[in-house]
Number of protein chains: 2
Amino acid sequence: MKKRIAIDMDEVIADFIPKHLDRYNQEYNEQLTVNDLQGCTLESLRPDLEDVIKGYIREPNFFRDLKVIKDSQSVIEELSFLYEVYITTAAMEYPTSFTAKYEWLKEHFPFLSDMNFVFCGTKKIIRADYLIDDNTKHFKTFEGQGLLYTAPHNVHETGYVRVNNWQEIKSFFSKEDK
Amino acid sequence: MKKRIAIDMDEVIADFIPKHLDRYNQEYNEQLTVNDLQGCTLESLRPDLEDVIKGYIREPNFFRDLKVIKDSQSVIEELSFLYEVYITTAAMEYPTSFTAKYEWLKEHFPFLSDMNFVFCGTKKIIRADYLIDDNTKHFKTFEGQGLLYTAPHNVHETGYVRVNNWQEIKSFFSKEDK
């Protein structure tokens, strides 16, 4: 039986931050970059504007045109021959995002069955052997092997197996028992 | 640690069939009832009209005003004190249903956190101790205890622990180790 890999969307396969920053910079005439978000989030950097900043994400089409993270398509396609691959995204945090997220996945990952898409809240409910995620909170209740995908907000996190890009993920799985 | 119960939506907490039948009967001037669907589905009873019949379900608001299955609210609320309760629905089969299903759950099960809602395809990915579902296919890959909720299409299925209503579910869990 194939082992199962669960993969998060935002900041793992969908490049969330550049669009979020652009949206904010345009409205507030700032020039924040990814470098300003090392170890934090846009919300924590501008706490007075948290509602506005979260509001961008609630726009129904926010997620529809995010760029795809480099190499995620080709590596996931390769992995899908050897593993069961699921996309597991905490979409319940932004329920207006369901349709955009679904259409984005169908467009950019057409080789995955939509029967393997999971829109959830907490990921405690996920049964998989591996979870690739940028958010360490999901590893605390995950029973398999977590792989922390580097994102600005998590650069200071320690104690996890870290992967910096999709080539490193390819390399990691080339050494794992199938 | 609390044990975890995963609960399906359609034909378990959401009364799918009466609305589906009404929609069909109105359009085709028939008087089919639930009794006509014993051991089958509307699609299998009218195979020539499968696309039309499935089309009803793809209407974005189809799921929004389904009736709530009797006693499901009160029993689930009671269970939620003793167990982690998740709603796990195969929403990916009808991606137009996401918003209606989410709003329906928020309206009728306000005591559950939306962090415990899961919209998935296959339920292989669900990690839970119990799964209450009307569709036996989900039990084949589920590692916990399945409870088959009686629906017209599954009345001839054998080999599963069957529950006929939410009072029987309450009784089942009253005898289980917590």
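## Charges and ground rules

Lys and Arg count as positive and Asp and Glu as negative, while His and the chain ends are not counted. The place of a charge is taken as NZ of Lys, CZ of Arg, CG of Asp or CD of Glu. With that in hand, chain A carries 22 positive and 30 negative side chains, and the centres of these two sets are 5 Å apart.

This is a predicted model, in which local features need pLDDT of at least 70, side-chain atom pairs count only at pLDDT 80 or more, and totals for chains, interfaces and linings use all residues. Residues are numbered from 1 along each chain as its sequence is written, chains are lettered from A and ligands numbered from 1 in the order in which they are written, and side-chain values use heavy atoms, with hydrogens and water left out.

## The build of chain A

Let us start with the helices and strands. Helices (H or I, at least four residues) and strands (E, at least two) are DSSP runs, numbered from the N terminus. Chain A has six helices and eight strands, and along the sequence they come in the order β-β-α-α-α-β-α-β-α-β-β-β-β-α.

The C-alpha atoms of chain A occupy a box of roughly 50 × 35 × 30 Å along the principal axes. The radius of gyration is taken over C-alpha atoms, and the globule rule is 2.2 Å times the number of residues to the power 0.38. For 178 residues a compact globule would come out near 16 Å, and chain A agrees because its own value is 16 Å.

## Inside and outside

Buried means under 20% relative accessible area, exposed over 50%, and partly exposed in between (1.4 Å probe, protein chains only). Of the 178 residues in chain A, 49% are buried. Accessible areas come from the Shrake-Rupley method with a 1.4 Å probe, and for residues only the protein chains shown count as cover. Chain A exposes about 8,200 Å², with 48% of it supplied by carbon and sulfur atoms.

Contact means heavy atoms within 4.5 Å. Taking the contacts in chain A between residues at least 6 apart in sequence, 65% join residues at least 24 apart.

## Where the two chains meet

The contact between the chains takes 24 residues from chain A and 24 residues from chain B. Buried area is the accessible area (1.4 Å probe) that two parts lose on being put together, summed over both. Chains A and B bury about 2,400 Å² between them, 61% of it on carbon and sulfur atoms. On the chain B side, B:M92, B:I125 and B:R127 supply 32% of the area buried against chain A, more than any other three residues.

## Two positive phi angles

Most residues other than glycine have a negative phi, and most peptide bonds are trans. A:E11 has a positive phi, near 70°, and is not a glycine. You will find A:E11 in the loop between β1 (4-7) and β2 (14-15) of chain A, and its relative accessibility of 12% makes it buried.

B:D71 is not a glycine either, and its phi is positive at about 70°. B:D71 sits in the loop between β3 (67-68) and α4 (72-82) of chain B, where a relative accessibility of 26% makes it partly exposed.

## Residues to visit in chain A

A:H108 belongs to helix α5 (residues 98-108) and is buried, at 15% relative accessible area. Not counting residues up to four places away in sequence, A:H108 touches A:L66, A:V68 and A:Q73.

A:F172 is part of helix α6 (residues 166-174); with a relative accessible area of 18%, A:F172 is buried. Its contacts, leaving aside neighbours within four places in sequence, are A:Y130, A:Q145, A:L147 and A:V161.

## Residues to visit in chain B

B:V155 lies in the loop between β7 (145-149) and β8 (161-163) and is partly exposed, at 29% relative accessibility. Setting aside residues up to four places away in sequence, B:V155 touches B:Q38, B:G39, B:T150 and B:R162. B:V155 and B:D8 are 147 residues apart in sequence, and their C-alpha atoms are 17 Å apart.

B:P18 counts as partly exposed, at 32% relative accessibility. Its C-alpha atom is separated by 9.9 Å from that of B:L32, 14 residues apart along the chain.
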